[in-house]
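Dear colleague,

Please find below the structure I wished to pass on to you.

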Amino acid sequence: MNSKDGGVHAMAKKPVRAALGDVWLNCQVCHGDLFREREVLLNSAGMEFMNLAWANENATGLICWQCGYVHLFVNKNIKLYRADK
């Protein structure tokens with residue numbers, strides 16, 4: 001996941017900050033507040049077996065800009081805001 005120079009941020013397009021309602025999110029590992037957003041498919045073995053993986057639930061993945069820890073959110077109320085680094 002890290003780039004050649006050792007930093008996760010080199011892969012990211014643009015950092016974002018995230019909030020659920022009035023609560024701003026921080027990384028559970030390093031407490032950073034900048035993330036890279038990515039859609040994640042939550043695959044299940046049964047759906048894969050029946051070739052229905054496309055019907056699995058999606059989640060919002062927030063990858064910590066600083067340490068690379070991946071946070072997953074199924075809650076569709078998560079709001080993302082562009083952040084200037």
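In these notes, helices (H or I, at least four residues) and strands (E, at least two) are DSSP runs, numbered from the N terminus. Please bear in mind that this is a predicted model. On that basis the chain has 1 helix and 6 strands, and their order along the sequence is β-β-β-α-β-β-β.

Overall features. The chain comprises 85 residues, of which 33% count as buried. Its accessible surface is about 6,100 Å², with 51% belonging to carbon and sulfur atoms. Among the contacts with a separation of 6 or more, 51% are between residues 24 or more positions apart.

Strand pairing. Strand 1 (residues 16-20) runs antiparallel to strand 6 (residues 78-82), and 5 bridges join the two. Within this pairing, Arg17 is placed opposite Tyr81. Strand 1 also pairs with strand 2 (residues 23-24), again in the antiparallel sense, over 2 bridges; here Ala19 has Trp24 as its bridge partner. These two strands form a hairpin with 2 residues between them, and Gly21 in the turn shows a positive phi of about 65°.

His71. This residue belongs to strand 5 (residues 70-73). His71 counts as buried because its relative accessibility is 7%, the cut-off being under 20%. Its side chain reaches the backbone nitrogen of Gln28 at 3.1 Å. Leaving aside neighbours within four places in sequence, His71 is in contact with Asn26, Cys27, Gln28, Phe35, Thr60, Gly61, Leu62 and Cys64.

With kind regards

Notes
Residues are numbered from 1 along each chain as its sequence is written. This is a predicted model: local features need pLDDT of at least 70, side-chain atom pairs count only at pLDDT 80 or more; totals for chains, interfaces and linings use all residues. Side-chain values use heavy atoms; hydrogens and water are left out. Buried means under 20% relative accessible area, exposed over 50%, partly exposed in between (1.4 Å probe, protein chains only). A polar contact is a pair of N or O atoms within 3.5 Å; within protein, one must be able to donate a hydrogen and the other to accept it, and residues adjacent in sequence count only if both atoms are side-chain atoms. Contact means heavy atoms within 4.5 Å. Accessible areas come from the Shrake-Rupley method with a 1.4 Å probe; for residues, only the protein chains shown count as cover. Two strands pair if DSSP finds at least two bridges between them.
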